[in-house]
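Good morning, and thank you for making time for this presentation.

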Amino acid sequence: MTTITVDLGSRSYPIQIGPGLLSNVGEEVSKLVSATSIAILTHPHLAKRYAPPVVDSLKKQGIRTELILVPPGERSKNLATLGRIYEQMVSAGLDRKSLLLTLGGGVLGDVGGFAAASYLRGIPFIQLPTTLLSQVDASVGGKTGIDLPSGKNLVGAFYQPRGVFIDTDTLATLANRELRSGLAEVIKYGIIRDEGFYRYIDGSLPSLLSRKPEAIGRIIARSCEIKAEVVGKDETEQGLRAILNYGHTVGHALESATAYRRFKHGEAISIGMVSAALIGEEIEHTPPDVTAAIVRTLTAAGLPTSFPDDVGNNEILAAMQRDKKTIGGRVHFVLCSAIGKVETVSDVPPTAVEAALNRQRNL
Ligand SMILES: NC(=O)c1ccc[n+]([C@@H]2O[C@H](COP(=O)([O-])OP(=O)(O)OC[C@H]3O[C@@H](n4cnc5c(N)ncnc54)[C@H](O)[C@@H]3O)[C@@H](O)[C@H]2O)c1
Ligand SMILES: [Zn+2]
């Protein structure tokens, strides 16, 4: 088992990573929070398989649990579902001393974290992430929230969990496509912060795609370490934390232009990371061999690297302008100058962006 600390003064918390952790949740949670009642927010199909060890381990500590079930999918990250979660928290008798556990992927962590942030003006919550993407990214760092019909993540709060328990055994049931989607964010950590890690991922893709526990455990731990370090230095994204958005400017635009239905988040980010490399090339920030390496690694991971023909540049550029990270109409880009090193660039000419998108279509 590996433990990493997110260092945020009085709001610091541990991330534990290892196999079989769900059966120890009761004991570990009791060390972090003294709660008399606990609600577990999850999806029906995950409840069947993964809730029993959690419930049993909490029972052993004499803690009462209630399950709150919501359907899977991004459509659960909305106001209507949030409303139903609050109502079930009331029915379950949750008070300010109660704890919410989120057992699932990034959708549950985001909506559950926001429910915890706002119910009774805030109750503690702990993340039990079960997708690779949520284990390496969404469960760490305290960004919580929901989508509005007019856009993704438009309502939310920075609200840190009291702990994150990553049971790597849960990945056994994850669909291949979800695994690859998570790998896109893992590759991102290498690109933005750690060349050695990038080389390790690149050389271990066959082991990672066949879910070898050693390799999987190692990439989750290193990804969480990088995220914890960045969040510890810049919790509310005043500067450094923006590097985590590498590939996300075009990636989010593509998700929005395709109504969040066509691509998994990591797939869109994979395409966006190639866009960012090509945009960097256009303004002589990114060396061509860096772009070539990124395209090769993403392709070997089974991830897409270019746009579908029926999504035009205009749709992507328009979606980029609507992004909430656009400040005063100017789009900021995180660009890579070498593997392991990125910078925020705010004055990229629109012609360079368009030229890059055109080149990407002919890769
Ligand atoms: N808060 C953050 O910092 C942050 C960062 C990245 C992404 N996100 C958010 O996370 C969401 C995406 O998260 P995601 O990719 O985990 O998607 P998800 O939560 O929708 O999970 C994907 C699918 O996998 C299923 N699933 C989950 N665990 C499983 C398991 N162990 N076995 C079998 N099936 C399982 C889910 O039921 C769902 O159908 C997006 O809403 C995104 O905005 C948040
Ligand atoms: Zn992401």
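**The sheet and the zinc site**

In this model, which is a predicted one, strands β6 and β9 pair in the parallel sense, with 2 bridges between them. Opposite G163 of β9 stands I126.

Please keep β9 in view, as I shall stay with it for a moment. On its other flank, β9 is paired with β2, where residues 13-18 and residues 163-167 run in the parallel sense over 4 bridges. Within that pairing, G18 is the residue opposite D167 of β9.

How many residues of β9 are buried? The count is 5 of 5, and the strand is mostly covered. G163, F165 and D167 point one way from β9, while V164 and I166 point the other way, and all are buried. This recalls a general rule: in a regular strand, side chains alternate between the two faces of the sheet.

Let us now step back to the whole sheet. It is open and has 7 strands, in the order β1-β2-β9-β6-β5-β3-β4, and the pairing is mixed. Which strands stand at the edges? They are β1, residues 2-6, and β4, residues 64-69; each has a single partner strand, so one side of each has no neighbour in the sheet. From one strand to the next, the twist averages 20 degrees.

I turn next to the aromatic residues. The structure holds 1 aromatic pair. It is formed by F125 and Y159, whose ring centres are 5.9 Å apart and whose planes lie at 10 degrees, so the pair counts as stacked. The pair links distant parts of the chain, since F125 belongs to strand β6 and Y159 to the loop between β8 and β9, 34 residues apart. The two partners may also be described by their accessibility. F125 is buried, at 1% relative accessibility, whereas Y159 is partly exposed, with a relative accessible area of 21%.

Charged groups also sit over rings. The charged end of K188 is placed over the ring of Y189, 4.9 Å from its centre. R218 lies over the face of Y200, at 3.8 Å from the ring centre.

Finally, the metal. Which residues are the protein donors of the zinc ion, ligand 2? They are E185 through OE, H248 through NE2 and H265 through NE2, at 1.9 to 2.1 Å from the ion. In sequence, these donor residues follow the spacing E-x62-H-x16-H. E185 lies in helix α6, residues 176-193, and H265 lies in helix α10, residues 265-282, so this pair ties together parts that are 80 residues apart in sequence. E185 is itself buried, with a relative accessible area of 0%.

That concludes the presentation, and I shall be glad to take your questions.

How values were computed. Residues numbered from 1 in each chain as written. Chains lettered and ligands numbered in written order. Predicted model: local features only at pLDDT ≥ 70, side-chain atom pairs only at ≥ 80, totals over all residues. Heavy atoms only, no water. Pairing = 2+ DSSP bridges. Axes fitted to C-alpha atoms, helices over the stretch in contact; angles between N-to-C directions. Donors = N, O, S within 2.8 Å, 3.2 Å for Na, K, Ca; no water. Buried < 20%, exposed > 50% of the residue type's maximum accessible area, 1.4 Å probe, protein only. Phe/Tyr/Trp six-rings, centres within 6.5 Å; stacked < 30°, edge-to-face > 60°. Lys NZ or Arg CZ within 6 Å of the ring centre and 35° of its normal.
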